[in-house]
Amino acid sequence: MALVPLAVCTLIGLLFSGQLYLMQPDGGWTRALVLSMPQWVVWGLLFPLIARSDRRLGAALGPRQRVLLHLPLAIGWTIVALGVRFAIRPILHGSFPPSLLRFMAERFPWDVLIYAAIAAVSVVGDYAARARRGEREASDLALRAARLEAGLAEARLHALTGQLQPHFLFNALNAISAFTEHDPRKARRLMSQLGDLLRASLDHAARAEVTLAQELAFLDSYLGIERARFEDRLTVTVQADDAALGALMPAFLLQPLVENAIKHGIVRRAARGRVEVSARIDGDALSLRVLDDGVGLPEGWRMDREAGVGLRNAAERLERLHPGAHVFHVADAAGGGVVVDVRIPFRAAPVADLTEARPDSRELSAAAMATGASS
């Protein structure tokens, strides 16, 4: 099993090497491999040790304490990975860098994000393995209780994994890697934005519901990463009524819907695309809409058979929070593309939860359009 993470990391390294070669073909394949592969091979070799330390130290802890445990572990393992790469530099490049501290400082933020991805996979895999053992050994009643406990634990861990979606995390890391060589300042800014996004996900983890203003702030952090990936290929606009900003809604609802619109609606077309997000109060309900002008739904598409993880996750959480009292509708848009309409009962957040500044709809729209292209 130790070869599996090494193989996966090697494949990722080859993908990054290919990207670097396409960006700088004059350097040749050898240079691209030497610059990209060591980082991923080292992390692939460390993966089993990281997973073992996580299981030994965190098995008896709750989900929140287990996540906090990885803060010091992230520093230690990242230093180890960088130390190994520093030690093998003479073999690959013929000499040591001028300064070990500078070598580590320049690469530490990027490598600690890779550790975060590895730790998340390890933690989720451990919880999944526990659930499988419980299914084999427990009686029917004990099995139902074990599944419920595992579901509660994984719900919090999904703040860093399922809700962000692993493919988004790797896309973000890929975007940062692409700018590391030719635009380090932009790469550092993207790392800061990704850090904000991960911190926001931890803040959301303990709550099933947040205000619309908080959800839009989280969405803006996500769009900051996507903005760099797609540049001027796509525009996202956000319009929200001032009265709707204090409404309670499921956490992490809009980001997967916007990501789904970009991935399945816009990326598949060659022309520039547009995604519109709107929120308003409609009677006694909060109405949300995500509209894209992409390729639309495949012929014969059905929610129960062909919806992806993001749409199914959103529908299931809405059903649990508002059983029989919500609308979740996915359909082809009138002018082409797909529209997702969500309608949930309006509930205002307690006054104590509204202490943060609440931007009006004009500010939200201006933020989304700040560069002329968001995604």
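Trainee: Is His70 buried or exposed?
Mentor: This is a predicted model, where local features need pLDDT of at least 70, side-chain atom pairs count only at pLDDT 80 or more, and totals for chains, interfaces and linings use all residues. Residues are numbered from 1 along each chain as its sequence is written, and side-chain values use heavy atoms, with hydrogens and water left out. Buried means under 20% relative accessible area, exposed over 50% and partly exposed in between, with a 1.4 Å probe and protein chains only. His70 has 9% relative accessibility, so His70 counts as buried.

Trainee: Which residues does His70 touch, leaving out those up to four places away in sequence?
Mentor: His70 lies in helix α3; helices (H or I, at least four residues) and strands (E, at least two) are DSSP runs, numbered from the N terminus. Contact means heavy atoms within 4.5 Å. With residues up to four places away in sequence not counted, the partners of His70 are Asp54, Tyr115, Ala119 and Val123.

Trainee: At what angle do α2 and α3 cross?
Mentor: Two packed helices are described by the angle between their axes and the distance between the axes. Axes are lines fitted to C-alpha atoms, for helices over the stretch in contact, and angles run from 0 to 180 degrees between N-to-C directions. Among the residues that meet here are Asp54 in α2 and His70 in α3. The axes of α2 and α3 come within 10 Å, and their crossing angle is roughly 145 degrees.

Trainee: How is α1 oriented relative to α2?
Mentor: Helix α1 (residues 3-23) packs on α2 at an angle of about 155 degrees, with the axes 8 Å apart. Angles under 35 degrees count as roughly parallel, over 145 as roughly antiparallel, 65 to 115 as roughly perpendicular and the rest as oblique. That makes α1, relative to α2, roughly antiparallel.

Trainee: What kind of aromatic pair do Trp40 and Trp110 form?
Mentor: Rings of Phe, Tyr and Trp (its six-membered ring) pair if their centres lie within 6.5 Å; planes under 30 degrees apart count as stacked, over 60 as edge-to-face and the rest as tilted. The structure holds four such aromatic pairs. Trp40 and Trp110 are 6.4 Å apart centre to centre, with 85 degrees between the planes, and this pair is edge-to-face.

Trainee: Why does this pair tie together parts that are apart in sequence, and how many residues separate them?
Mentor: Trp40 is buried at 2% relative accessible area, and Trp110 is buried too, at 10%. Trp40 lies in helix α2 (residues 28-58) and Trp110 in helix α5 (residues 100-137), so the separation in sequence is 70 residues.

Trainee: Which helices does the pair of Phe86 and Phe103 link?
Mentor: Phe86 and Phe103 are edge-to-face, 5.5 Å centre to centre and with 65 degrees between the planes. Phe86 is buried at 15% relative accessibility, and Phe103 at 4%. The two residues are 17 apart, and their helices are α3 (residues 63-87) and α5.
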